[in-house]
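Morning, everyone. Please look at the model on the screen while I talk.

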Amino acid sequence: MARTGRPRSFDADVALDKAMRLFWAEGYEGASLNELTETMGINRRSIYAAYGNKEELFRKAVDRYLEGPGAFVAEALTQPTARQVAETMLHGCADAYTTPGCPRGCLLVQSALACGPEGDPARADLAARRESGVAALRERFERAQREGDLPESADADGLARYLTAVGQGISVQATGGASREDLHRVADQALAAWPAD
């Protein structure tokens, strides 16, 4: 008869939320295993058993971020027009990156931009996720062109990269202390360059 492990004495979702917030605030390398165990309220053995190593925990924390505080990006892609996609995304950045009680900025932008060799896998994972976001926006804008919602002359890839770059800039500005109102003004300014019909 196979032995079953002891039931967990902690809530894995709550602990993962705590890890997500720590990675968001401190970055991949800034969040040490000691700090993670203290913040999550569990020991290293429990972290490894429930989530894998630090890198796997980080990936799960990023997934949690995208399902929670970063969910506005997926919501933006469902908007009925390309312009509404852009508005929802950029104004979503301004709101999400300045939410009271949360770390400022975007976990995907800040947490592993500058890493030593140990953090290379985390940095590569985030770069791939960001590029995947660009691809999703590009595909949405190509669809908008096919539907006649976006001019054929528009550069779908250029627009996707532009919006992504503005969103990342909003993250950096938020981390530096810019107000939510200032960041909404940045979003409006960027949207003023939207292609005319």
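Start with Arg140. It is buried, meaning under 20% relative accessible area, where over 50% is exposed and anything in between is partly exposed (1.4 Å probe, protein chains only). Yet Arg140 has no salt bridge. A salt bridge here is a side-chain nitrogen of Lys or Arg within 4 Å of a carboxyl oxygen of Asp or Glu. The nearest side chain of opposite charge is Glu147, 4.5 Å away. On charge, Lys and Arg count as positive, Asp and Glu as negative, and His and the chain ends are not counted.

A word on the ground rules. This is a predicted model, where local features need pLDDT of at least 70, side-chain atom pairs count only at pLDDT 80 or more, and totals for chains, interfaces and linings use all residues. Residues are numbered from 1 along each chain as its sequence is written, and side-chain values use heavy atoms, with hydrogens and water left out.

Back to Arg140. What does its side chain reach at 3.3 Å? The backbone oxygen of Pro80. Arg140 also touches Leu77, Gln79, Pro80, Thr81, Ala82 and Val85, leaving aside its neighbours within four places in sequence. Contact means heavy atoms within 4.5 Å. Arg140 itself sits in helix H8, residues 120–146.

Now the whole chain. It has 10 helices and zero strands. Those are DSSP runs, numbered from the N terminus: helices are H or I with at least four residues, strands E with at least two. Of the 197 residues, 42% count as buried. The C-alpha atoms fill a box of roughly 65 × 45 × 30 Å along the principal axes. Take contacts between residues at least 6 apart in sequence: 67% of them join residues at least 24 apart.

Next, helix packing. The axes of H1 (residues 12–26) and H4 (residues 54–67) come within 9 Å and cross at roughly 95 degrees. Axes are lines fitted to C-alpha atoms, for helices over the stretch in contact, with angles from 0 to 180 degrees between N-to-C directions. H1 and H4 are therefore roughly perpendicular. The bands are these: under 35 degrees is roughly parallel, over 145 roughly antiparallel, 65 to 115 roughly perpendicular, and the rest oblique. Among the residues that meet are Leu16 and Phe23 in H1, and Leu57 and Tyr65 in H4.

Asp17 in H1 and Arg64 in H4 are 47 residues apart, and their side chains meet at 2.9 Å, N to O. Asp17 is partly exposed at 30%. Arg64 counts as buried at 18%.

How many salt bridges does a search of the whole structure find? The total is 15. Asp95 and Arg180 form one, with the closest N and O atoms 3.7 Å apart. Asp95 lies in H6 (residues 82–96) and Arg180 in H10 (residues 180–191), so the bridge ties together parts 85 residues apart in sequence. Arg161 and Glu131 make another, at 2.6 Å. That one links H9 (residues 156–175) with H8, 30 residues apart. Arg161 is partly exposed at 36% relative accessibility. Glu131 is partly exposed too, with a relative accessible area of 36%. Finally, Glu55, Arg59, Asp63, Asp125 and Arg129 are linked in a network of salt bridges.

Terms used:
Polar contact = N/O pair within 3.5 Å; in protein donor to acceptor, adjacent residues only side chain to side chain.
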